[in-house]
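Here is my note on the model you asked about. The points are meant to be read beside the structure.

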Amino acid sequence: MKATTNQKPSTIKENAPLRPIQSVPDMCLACGTCSAGCPMTGIEGFDPRKIVSMVLWGLDEELVDSKLPWLCTMCGRCEYACPMGINIVHMIRTARGMTDRDKIPEMIQKGIELGLQTGNNLGLSKEDFVFIIEDVAEELAEETGYSGFKVPFDKKGANLLHTLHNKLVNTQNEDLVHWWKIFHAAGEDWTIPSQNWEGVNWGLFSGDDETMKCFVDRIVEHMEQLEIANLMYPE
Ligand code: SF4
Ligand code: SF4
């Protein structure tokens, strides 16, 4: 858990900073509806009702120091189902944000570092990214009806900015082609940024607001510079 400047917490709000989240865990009925709908319930002792209870009891440190917050997929099913409207996902994300950065799962931390350094979670250079995209586009251009197909990079004034999920570039190129075929059939005026193209914001998953803002800022910057009003975001 991140160190605080408080030497000796004197109130429950200082001692249990997760508790005053607007989710009001004190409202929990312990009904278990959240746990029943959670795809992770029972895996490595995970259970969203347990997390809400830990927050309610002021066991922030125990929660933050455990692996429980990192087992959540952040799918949101629990709070959709909760009859008391408790914001469980926000609670879990806040707990993640309270974790020392050197203790968060390595895969997430690595993706974030690469994303901040290179503009994508894979760490691809601009040249490698453009090469991969153009290679996939050339294959599509060989199909009937797509002769001369090219991917429009950094097109100013396009109608739609298409940011990419890194897996489409890494292992699932066929999903890229599906999108391009839809754009083609719809006559869409679209473009892909040649740099900072990552649409997956792992700052969301790490609980780190500054990182999340950095990734969002890059997309906003693209839209402003290219004068594009619409965004297709893969998450
Ligand atoms: S957001 Fe997390 S806790 Fe809630 S249902 Fe999904 S995996 Fe379970
Ligand atoms: S669904 Fe809501 S009220 Fe029921 S146990 Fe989960 S957090 Fe508590």
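1. Helix 8 (residues 106-118) and helix 13 (residues 209-226) cross at roughly 40 degrees, and their axes come within 11 Å. The two helices are therefore oblique to each other. Angles under 35 degrees count as roughly parallel, over 145 as roughly antiparallel, 65 to 115 as roughly perpendicular and the rest as oblique. Axes are lines fitted to C-alpha atoms, for helices over the stretch in contact, and angles run from 0 to 180 degrees between N-to-C directions. Helices (H or I, at least four residues) and strands (E, at least two) are DSSP runs, numbered from the N terminus.

2. Helix 8 passes helix 13 in a left-handed crossing. Left-handed means that the near helix is turned anticlockwise from the far one by less than a right angle; clockwise is right-handed. I112, G115 and L116 of helix 8 make the contact with T211, C214, F215 and R218 of helix 13. Contact means heavy atoms within 4.5 Å. By class, this contact has four nonpolar, two polar and one charged residues. Ala, Val, Leu, Ile, Met, Phe, Trp, Tyr, Cys and Pro count as nonpolar, Asp, Glu, Lys and Arg as charged, and the others, Gly among them, as polar.

3. A word on the source. This is a predicted model, in which local features need pLDDT of at least 70 and side-chain atom pairs count only at pLDDT 80 or more, while totals for chains, interfaces and linings use all residues. Residues are numbered from 1 along each chain as its sequence is written, chains are lettered from A and ligands numbered from 1 in the order in which they are written, and side-chain values use heavy atoms, with hydrogens and water left out.

4. Three strands form an open sheet in the order 2-1-3, with parallel pairing. Strand 2 (190-191) and strand 3 (230-232) are the edge strands, each pairing on one side only. Strand 1 (residues 160-162) pairs with strand 3 over three bridges. Two strands pair if DSSP finds at least two bridges between them. L161 stands opposite L231 in strand 3.

5. Which helices cover the sheet? Helix 11 (residues 173-186) lies across strand 1, strand 2 and strand 3, at about 170 degrees to strand 1. Helix 13 also packs on the sheet and touches strand 1, strand 2 and strand 3; its direction makes about 145 degrees with that of strand 1.

6. Helix 9 (residues 126-141) packs on helix 11 at about 60 degrees, with the axes 10 Å apart. The pair is therefore oblique. Their crossing is right-handed. I133, V136, A137 and L140 of helix 9 meet N173, L176, V177, W180 and K181 of helix 11.

7. Helix 3 (48-56) and helix 7 (88-97) pack at about 65 degrees, with their axes 11 Å apart. They are therefore roughly perpendicular to each other. The contact joins P48, I51, V52 and V55 of helix 3 to I88, M91 and I92 of helix 7. It has seven nonpolar, no polar and no charged residues.

8. What surrounds the ligands? Around ligand 1 there are 14 residues, the closest being C38, C72, C75, G76 and C78. Of the 14 around ligand 2, C28, C31, G32, C34 and C82 come nearest. A residue is near a molecule or strand if one of its heavy atoms lies within 4 Å of it. Helix 6 (77-81) and helix 7 each supply at least two residues of the ligand 1 shell.
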